[in-house]
Amino acid sequence: MTVLSTVDAGIVIAQAWLVAAVAAGVFIEQQPLPALMPLMWFLLLVLVLRALSGGIRQLLAGRASAYVRRETRMRLLECFQRAGPAVLPPGGELIAAFDEQVEAFDAFYGRFFPQRIAATIVPLAILVFAFATDWLAGLLLLLTAPLIPLFMILIGIGAEKLAREQFRSLARLGGWFLDQVQGAATIRLFRAEDGARNQVVQRTHALRRETMRVLRLAFLSSAVLEFFSAVAIASLAIYIGLGLLGYLTFGPAPELTLQSGLFLLLLAPEFFQPLRALSQGWHDRADASAAAGEIRELLALPPARPRAEEEFAPEAPRQCKVELRGVSFAHPEREVLLNDLELEIEAGLKIVLVGPSGSGKSSLISLFAGFAEPSSGEVLLDGEPLARFADAALRAHVGWLGQRPVLFAGTIAENIALGWDSASRRQIERIAHQAGVFEFAGRLPKGLDSPVGENGYGLSGGQAQRVALARAMIRPRPLVLLDEPTANLDDESEALVLQALENLLAERSATVICAAHRAATMAWADRILGIEQGRLRWLR
Amino acid sequence: MAALIRLLRPGGATARWMLISASMALAAVLLGVVLLAVSGWLITASALAGIGMLAVLDIFAPGAIIRAAAVGRTVTRYLERLLGHEATFRQLTEIRVRSFSRLLTMPIERLESLGRGDTLTRLTRDVDVLDHLFPRLVLPSVAAFGATLLAVIVLMALSPSAGIGYAASLAGGGTLVLLAGTRMARGPGRSLAQATPVMRSATAEWLRGLAELLSVDQAGRRARDVIHRVDDQIRAQLAQRRIEAFMQAGIALAGYLGFWLVLLVGIKLYADGLLAAPVAAGLALASLALVDAWVPLAASWSFFETCRQAAGRIDALGGEGKISTGTVRSVPDFGLAVRDLAFRYPGAVDRVIENVALDIAQGEHVLVQGASGSGKTTLGKLLAGILTPDNGMISLGGIDLQRLNEAYLRGQVGYLSQNPMLFNDTLAANLRLGAFSATDEELLRILDVVGLSAFVEALPNGLESWIGEHGRGVSGGEGRRLALARLLVADFRILILDEPMAGVDAETATLISTRLASLLYGRSAIVLSHDRLVLPRYDRCYRFADGCLDPE
């Protein structure tokens, strides 16, 4: 970009010089046109180069911006994945960061950044040539643009304030309008359409009056820049004119010729052009820096498993022993939820974990699943600290099922196998039978190959949960965690899911920990573990 | 394009502001051209006079023009920006009202489902995009084209061949490049419009399923799929960028070529003794100054496709789905009758409602009890006329709901949903939604019935306090009761209340339901709930299970 801007500066200066040389050749030296044609052809070449360099700059800036945005998005995904589901803020916020806020970088890297480089290099180069030609003219440019950095700050303060005001008031209106739009159903329910429409008119008019008052002043700052550039060109023209006429006898003025005079005049608008472009693009910078702040915050999210070791990957057994050693846990900036817990679950035991809502059942399951780390103490799998396990090894040890099943766009069979490419059709069908998936999939025209998720068949909560159950159970895992699998279901669906669970567990030797609000329905449970006020107690 | 015109067609006052700001923009460009042209004229003339090739020169008139042009350009540019913003703001109001009106013609059920997704957020983003069309595209284009037209006329007067050459290269070539670029941008614009929501929903799916994906060790692999969607988006953006670069280079080339031609013709005319040297120099500089007005048009016109897509989306939104076209505006009485009712959601496996029959006479209070997830909500929406039955009929006073005028039906039947929406506005404005003329006393009386007297008293400005995002936050239970109060303030003949007491503690719920009786007197009420505490005195009670309704 810097190279390109330097080339640009060269082209601009060459163009001004050539035009001035042609004019001097014709008007002063009275050369015939054919004698000047070489210069004219050369001028044409320079002009073509100038047009092309503008296009190339666009292309390069676009690529740079695309690269930055792709990298940022990749880093965001990596960071979300490392932080894990237990820590992440709500999805809407994350998607806004991933989409809109990263997109705000485009205006910065794709437009503002190249403008800023051009605004530094081009005026500086022009200034050097102006001084070399006529130091008084150079001084004039320098004085009307009192040191470029100072000028930039001036633009920055004015334009930034302007952009902020405009941005804030428009954002307020945008938020209010979004609220109305999202409440459109409610407005219709109350037959309040006319009132709501009037409100839109009144609000935007009120905002217009208020904002225009601010803008009247704010636009003055850009008018100052405009004024300086116009006055500089005007006084330069008059100075050169007077100098050429011989009215000025001081300094370098008597040495001015048509060529040097025109050269200087042509450079003057080029001197201010990049600065003006920069001031108009300033709000891009403000948007991008606001977005960058929020993205930086997300990238700073701590990883859920900071102590995992890449090479620690023990073979997964058929069942494993689970222990808690002095485990405490608290959500960030909240009271301690689990306090100094000790627990030992023998390999192969099937446990139901019960407790009132908010007692920490889900947090405990998250600790076993490695979605979160204890604030102190250790979780052990077969005597090895869970924190050490490499990610893939941990996943090979622990299966998990949550409260709200998520089905991905694809067929039911794909959702069950979910990335386990070597799962055979027979395995999928068998598990689908056991999990009661066939009970409803059989009624769909394509059975297990019917599409679900977005643009697919809508499954009820209970149906989706049975698919998720099949997904969690098709992979043999020595420890299976179930986080209140029926919490969001009606009685009938709950019964079906529990039936499916019982079928599946009957022939599994894995260790099972199932959080539940009612233990009574879990006939398969070997033991029942109670949790209340951060303490564990065996109930049976 | 038609959609764009429909949404952006300026009203009288807006059009006037647009015209004034556009003429200011034109004046600013012209004054810039004059400034440079007269400066060139002055320098050339002075140089010739200085070496005696030109007789006496009056330097004061051109000097005054130069100074006036310099000041004038500053003033007109300031006015252009200021008045341009005034025009933009006025148009912004019009765009919002128009797109909002379109939205309000859609069925309630469709609006609710849109509200849960991204569509409405995207609508407001699209509206924001359209706000920029006038200042970013129209204003600079008018200025550039207008100034070029004037330049061509001046050139024509001096030398027809120079005029034609200039018109062909800058106006012709530049316009051609702009039109071709805009046309070429359609493909990438369409791909981008598809790629962005796909990327968003892929990200949303990945985030929603992150725990699941982590548990089967697929998060990284699926993240790569998301990045592929990002790449699709970036590919479309880069294609757009290439077109913009082509446009920028093309326009600049056309402009510089025009300048070069004017310079060449000027020299030739001077050599033939047809044009004075200072005029030839002035013309060349004028044509060079015009290029600066043209180059930014590349960015402006690449923006056009984005606007077109946005307008198309807003336009399409109003088009999908339709409100019932019934015309009947009166009913003999307000008795509800339901016969052979059945309903299945589109794409669902099972019917939610199998076979329901029900009669509710005017003024009767009925409780429908059913477990959560049993389909009560669907039944309520059918009764309120928000959903249309697949089979069977619901009638009000013997007239099928389908035959009733939609606005009339909405005026008679009030519906409290399970997730009522409150606006980020004052408490009073929220409560008056269905009754603009309700007095403060009425509002306070009804707030007392729903047990929110203490809530209002605790607010800093009473009824005029803001609630929601910018004001006092409202808990789930409070929100539900405010929504109930809002419904009671309006004068509905029939009320359908879906779990009105969810999130309200049992004691308060009992208190409210006893006080409610007096307000419900004379109105029909159907309360859908999982327990019977809600309505202590009812005329009849039904149990809803497996899609069927049984009396108890």
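Over how many bridges do β4(A) and β5(A) pair in the antiparallel sense? The answer is two bridges, where strands count as paired if DSSP finds at least two bridges between them.

Good morning, colleagues. The structure before you is a predicted model, in which local features need pLDDT of at least 70, side-chain atom pairs count only at pLDDT 80 or more, and totals for chains, interfaces and linings use all residues. Residues are numbered from 1 along each chain as its sequence is written, while chains are lettered from A and ligands numbered from 1 in the order in which they are written.

Let me begin with the division of chain A. An automatic or database domain assignment supplies the bounds: domain 1 covers 2-299 and domain 2 covers 322-538. Their C-alpha centres lie 56 Å apart.

I return now to the strands of the opening question. Helices and strands are DSSP runs numbered from the N terminus, with helices being H or I of at least four residues and strands E of at least two. In chain A, four strands form an open sheet in the order β2-β1-β4-β5, with antiparallel pairing. At its edges stand β2 (336-345) and β5 (384-385), each of which pairs on one side only.

Strand β1(A), residues 322-330, pairs with β2(A) over six bridges in the antiparallel sense. Within that pairing, A:Phe329 has A:Leu338 as its bridge partner. β1(A) also pairs with β4(A), again in the antiparallel sense, over five bridges; here A:Glu323 is partnered by A:Leu380. A:Leu380 also stands opposite A:Pro385 in β5(A). β4(A) and β5(A) form a hairpin with two residues between them, and A:Asp382 in the turn has a positive phi of about 50 degrees.

A helix accompanies this sheet. Helix α10(A), residues 361-369, lies across β1, β2 and β4 (376-381) of chain A and runs at about 120 degrees to β1(A). Such angles run from 0 to 180 degrees between N-to-C directions, and the axes are lines fitted to C-alpha atoms, for helices over the stretch in contact.

I turn next to a pair of helices in chain A. The axes of α15(A) (residues 461-474) and α16(A) (residues 491-506) come within 9 Å and cross at roughly 15 degrees. The two are therefore roughly parallel, the term for angles under 35 degrees; over 145 counts as roughly antiparallel, 65 to 115 as roughly perpendicular and the rest as oblique. Residues of α15(A) that meet α16(A) include A:Leu469 and A:Met473, and those on the α16(A) side include A:Val497 and A:Leu501. Contact here requires C-beta atoms, placed from the backbone, to lie within 7 Å. The contact residues divide into seven nonpolar, four polar and one charged. In this scheme Ala, Val, Leu, Ile, Met, Phe, Trp, Tyr, Cys and Pro are nonpolar, Asp, Glu, Lys and Arg are charged, and the others, Gly among them, are polar.

Among the residues making the contact are B:Leu92 and B:Ile95 of α3(B), and B:Leu123 and B:Val127 of α5(B). Five of the contact residues are nonpolar, two polar and two charged.

Finally, I come to the interface. Here 111 residues of chain B are in contact with 113 residues of chain A. On the chain B side, the largest share, 27 residues, comes from helix α10(B), residues 219-271. That side divides into 63 nonpolar, 28 polar and 20 charged residues. Thank you for your attention.

Notes. Two residues are in contact if their C-beta atoms, placed from the backbone, lie within 7 Å.
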